[in-house]
Amino acid sequence: MLALSGELDTEHAARLEDLLMEAQGPTVLDLKEVTLVAREAVRFLARVEAGGVRLVNCPEYVRRWIAAEKAVRQDS
(Lines give C-alpha, C1' and ligand atoms only; values in the text may rest on other atoms or scores of the structure.)
Protein backbone atom coordinates (compact mmCIF):
# COMPACT_ATOMS: atom_id res chain seq x y z
CA MET A 1 0.00 0.00 0.00
CA LEU A 2 1.20 3.47 -0.89
CA ALA A 3 -0.15 6.30 1.26
CA LEU A 4 -0.30 9.65 -0.53
CA SER A 5 -0.58 13.06 1.07
CA GLY A 6 -0.78 16.71 0.05
CA GLU A 7 -1.09 17.74 -3.58
CA LEU A 8 -1.15 15.25 -6.44
CA ASP A 9 -0.12 17.09 -9.59
CA THR A 10 1.06 15.98 -13.02
CA GLU A 11 4.69 15.60 -11.92
CA HIS A 12 3.73 13.54 -8.86
CA ALA A 13 1.45 11.34 -10.99
CA ALA A 14 4.32 10.66 -13.41
CA ARG A 15 6.63 9.65 -10.54
CA LEU A 16 3.91 7.51 -9.04
CA GLU A 17 3.34 5.82 -12.38
CA ASP A 18 7.03 4.86 -12.46
CA LEU A 19 6.71 3.36 -8.97
CA LEU A 20 3.59 1.44 -9.93
CA MET A 21 5.36 -0.05 -12.94
CA GLU A 22 7.94 -1.53 -10.55
CA ALA A 23 5.35 -2.80 -8.06
CA GLN A 24 4.69 -6.50 -7.89
CA GLY A 25 1.35 -7.93 -6.93
CA PRO A 26 -1.83 -6.03 -6.12
CA THR A 27 -1.36 -2.33 -5.47
CA VAL A 28 -3.40 -0.08 -3.20
CA LEU A 29 -3.21 3.71 -3.14
CA ASP A 30 -4.45 5.34 0.06
CA LEU A 31 -5.65 8.85 -0.76
CA LYS A 32 -6.82 9.78 2.74
CA GLU A 33 -4.34 12.64 3.17
CA VAL A 34 -4.57 13.98 -0.40
CA THR A 35 -5.77 17.59 -0.33
CA LEU A 36 -5.61 18.76 -3.95
CA VAL A 37 -5.59 16.84 -7.23
CA ALA A 38 -4.76 18.22 -10.68
CA ARG A 39 -6.82 17.25 -13.73
CA GLU A 40 -4.02 15.14 -15.26
CA ALA A 41 -3.58 13.36 -11.93
CA VAL A 42 -7.30 12.50 -11.91
CA ARG A 43 -6.94 11.04 -15.40
CA PHE A 44 -3.96 9.06 -14.12
CA LEU A 45 -5.98 7.75 -11.15
CA ALA A 46 -8.84 6.75 -13.44
CA ARG A 47 -6.41 4.93 -15.73
CA VAL A 48 -4.59 3.02 -13.00
CA GLU A 49 -7.84 2.11 -11.27
CA ALA A 50 -9.13 0.70 -14.56
CA GLY A 51 -5.87 -1.27 -14.72
CA GLY A 52 -6.45 -2.89 -11.34
CA VAL A 53 -4.94 -0.51 -8.79
CA ARG A 54 -7.24 -0.15 -5.79
CA LEU A 55 -7.97 3.35 -4.50
CA VAL A 56 -8.92 3.59 -0.83
CA ASN A 57 -9.99 6.56 1.29
CA CYS A 58 -10.51 8.52 -1.91
CA PRO A 59 -12.00 11.98 -1.26
CA GLU A 60 -15.54 12.21 -2.61
CA TYR A 61 -14.74 15.07 -5.00
CA VAL A 62 -11.91 13.02 -6.51
CA ARG A 63 -14.15 9.95 -6.79
CA ARG A 64 -16.78 12.00 -8.68
CA TRP A 65 -14.12 13.47 -10.95
CA ILE A 66 -12.73 10.00 -11.73
CA ALA A 67 -16.25 8.81 -12.58
CA ALA A 68 -16.69 11.79 -14.92
CA GLU A 69 -13.36 11.06 -16.64
CA LYS A 70 -14.37 7.43 -17.14
CA ALA A 71 -17.71 8.52 -18.61
CA VAL A 72 -15.95 10.85 -21.05
CA ARG A 73 -13.66 8.02 -22.17
CA GLN A 74 -16.61 5.71 -22.71
CA ASP A 75 -18.37 8.30 -24.84
CA SER A 76 -15.29 8.79 -27.04
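Predicted model: local features only at pLDDT ≥ 70, side-chain atom pairs only at ≥ 80, totals over all residues.
Overall fold. I looked up the secondary structure and found three helices and three strands, which follow the pattern β-α-β-α-β-α when the chain is read along its sequence. The radius of gyration is 12 Å, close to the 11 Å that the globule rule gives for 76 residues, so I record the chain as being as compact as a globular protein of that length. Along its principal axes, the C-alpha trace spans about 30 × 25 × 20 Å.

When I took the contacts between residues at least 6 apart in sequence, 76% of them turned out to join residues at least 24 apart.

Helix 3. I then turned to residues 60–75, whose 16 residues should span 22 Å at 1.5 Å a residue, and the end C-alpha atoms lie 23 Å apart, which agrees. Which residues of helix 3 are buried? They are Val 62, Ile 66 and Glu 69, and because they cover an arc of only 60 degrees around the axis, I place them on the same side of helix 3. On the other side of helix 3, I note Arg 64, Gln 74 and Asp 75 as exposed. Looking for what covers the buried residues of helix 3, I found that the cover includes strand 2 (28–37), helix 2 (39–50) and strand 3 (54–56).

Conventions:
Residues numbered from 1 in each chain as written. Heavy atoms only, no water. Helix = DSSP H or I, 4+ residues; strand = E, 2+ residues; numbered from the N terminus. Expected span 1.5 Å × (residues − 1). Buried < 20%, exposed > 50% of the residue type's maximum accessible area, 1.4 Å probe, protein only. Arc of directions from axis to C-beta. Contact = heavy atoms within 4.5 Å. Rg over C-alpha atoms; globule rule 2.2 N^0.38 Å.
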